[in-house]
Amino acid sequence: MTETLRQITENDQLRADIYQLLAALMRRHPSAELLQFLANLDIDVEEGNAMSDAWVALKQAAQKSDTDTLEDEYFAIFLGVGSGEIMPYGSWFMTGSLMDKPLAALRSDLMQLGFEREDNVKEPEDHVAALCEVMGCLILEAPGYRQLAFYQRHIGGWIMRFCDHLAKTPSAKFYVAVAQLANAFFTAEANEFEQLSLNIPVNCPGSADLEPIDEQAVQIN
């Protein structure tokens with residue numbers, strides 16, 4: 001790695017795991033294995049805790065679902081015939097159109113960070129699943145100011161609206177619970193990054209000095 005290895009806290013690992021889980025759920029419908037994992041979650045229930053409530057809702061939704069039904073639900077929401085019920089792209093939520101300036105800025109930042117898209121991937125890099133995958137990697141491998149810069153530039157300004165829209169899509173049943181988890185998680189992330197921003201010195205290196213997080217380019221799905 002080009003960055004100095006840093007200690008990963010339990011909280012950082014949990015955040016990275018949730019990003020990867022959300023990425024998996026947004027990338028495609030859950031596999032039987034993932035559905036079983038969610039249905040058997042061991043949850044420490046805390047009354048009035050939004051994350052705890054969201055995990056319970058997701059567990060219950062998984063217990064009531066099957067892969068065939070979820071394949072149809074996912075197709076209707078994210079793909080559709082022509083287009084799905086929601087546009088899962090950052091550019092769309094930021095500008096109302098696809099392949100716009102936010103996507104160009106994202107591609108530039110991903111290149112500087114050392115990320116490459118896999119050859120078989122057709123979706124633009126601003127798909128919500130791809131952005132969650134990147135954040136999961138950054139939390140584990142990049143310093144805080146890089147995490148903050150990426151989140152503020154490419155996710156923070158629109159992700160809550162995406163969660164609200166996902167919860168209201170006509171076909172959403174299982175994905176209502178996914179939206180609830182995403183909403184609770186990104187609310188917590190906003191607080192996390194607000195605190196992080198207060199701890200970053202004003203003379204911290206800027207985005208112009210971005211270096212790859214690894215000596216080898218990281219491929220994203």
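Reply: Asp100 is partly exposed, with a relative accessible area of 28%; with a 1.4 Å probe and protein chains only, buried means under 20%, exposed over 50%, and partly exposed in between. This is a predicted model, where local features need pLDDT of at least 70 and side-chain atom pairs count only at pLDDT 80 or more, while totals for chains, interfaces and linings use all residues. Numbering runs from 1 along each chain as its sequence is written, and side-chain values use heavy atoms, with hydrogens and water left out.

Asp100 belongs to the loop between α5 (90-95) and α6 (101-113). Helices here are DSSP runs of H or I with at least four residues, numbered from the N terminus. Leaving aside residues up to four places away in sequence, Asp100 touches Ser91 and Thr95, a contact being heavy atoms within 4.5 Å. Its C-alpha is 9.7 Å from that of Gly90, ten residues apart along the chain.

Now to α7 (residues 128-141). Its 14 residues reach 20 Å from first C-alpha to last, close to the 20 Å expected at 1.5 Å a residue; the expected span is 1.5 Å times one less than the number of residues. Twelve of the 14 are buried, so α7 is largely enclosed by the rest of the structure.

What does Glu133 pair with? Its side chain meets that of Arg27 in a salt bridge, 3.4 Å from N to O. The rule for a salt bridge is a side-chain nitrogen of Lys or Arg within 4 Å of a carboxyl oxygen of Asp or Glu. This pair ties distant parts of the chain together, with Arg27 in α1 and Glu133 in α7, 106 residues apart. Both partners are buried.

The count of salt bridges comes to six. Arg15 also bridges to Asp12, at 3.2 Å from N to O; the two are three residues apart in α1, about one helical turn. An α-helix has 3.6 residues a turn, so residues three or four places apart point the same way. Asp12 is buried, at 13% relative accessible area, and Arg15 is buried at 5%. Arg15 forms another salt bridge with Glu192, where the closest N and O atoms are 3.9 Å apart. Glu192 itself is partly exposed, at 31%.

Last stop, the largest pocket, which holds about 560 Å³ of space. Of its 20 lining residues, Leu14, Ile18, Met51, Ser52 and Trp55 are the closest to the centre. On a 1 Å grid over the protein atoms alone, a pocket is an open set of points where a 1.4 Å probe fits, with protein on both sides within 12 Å along at least five of seven lines, and lining residues have an atom within 4 Å of a point. Points are joined across faces, edges and corners, and the volume is the space filled by probe spheres set on them. α1 (10-27), α3 (50-63) and α10 (174-199) each supply at least two lining residues, and α1 gives the most, with six. By class, the lining has ten nonpolar, three polar and seven charged residues; Ala, Val, Leu, Ile, Met, Phe, Trp, Tyr, Cys and Pro count as nonpolar, Asp, Glu, Lys and Arg as charged, and the others, Gly among them, as polar.
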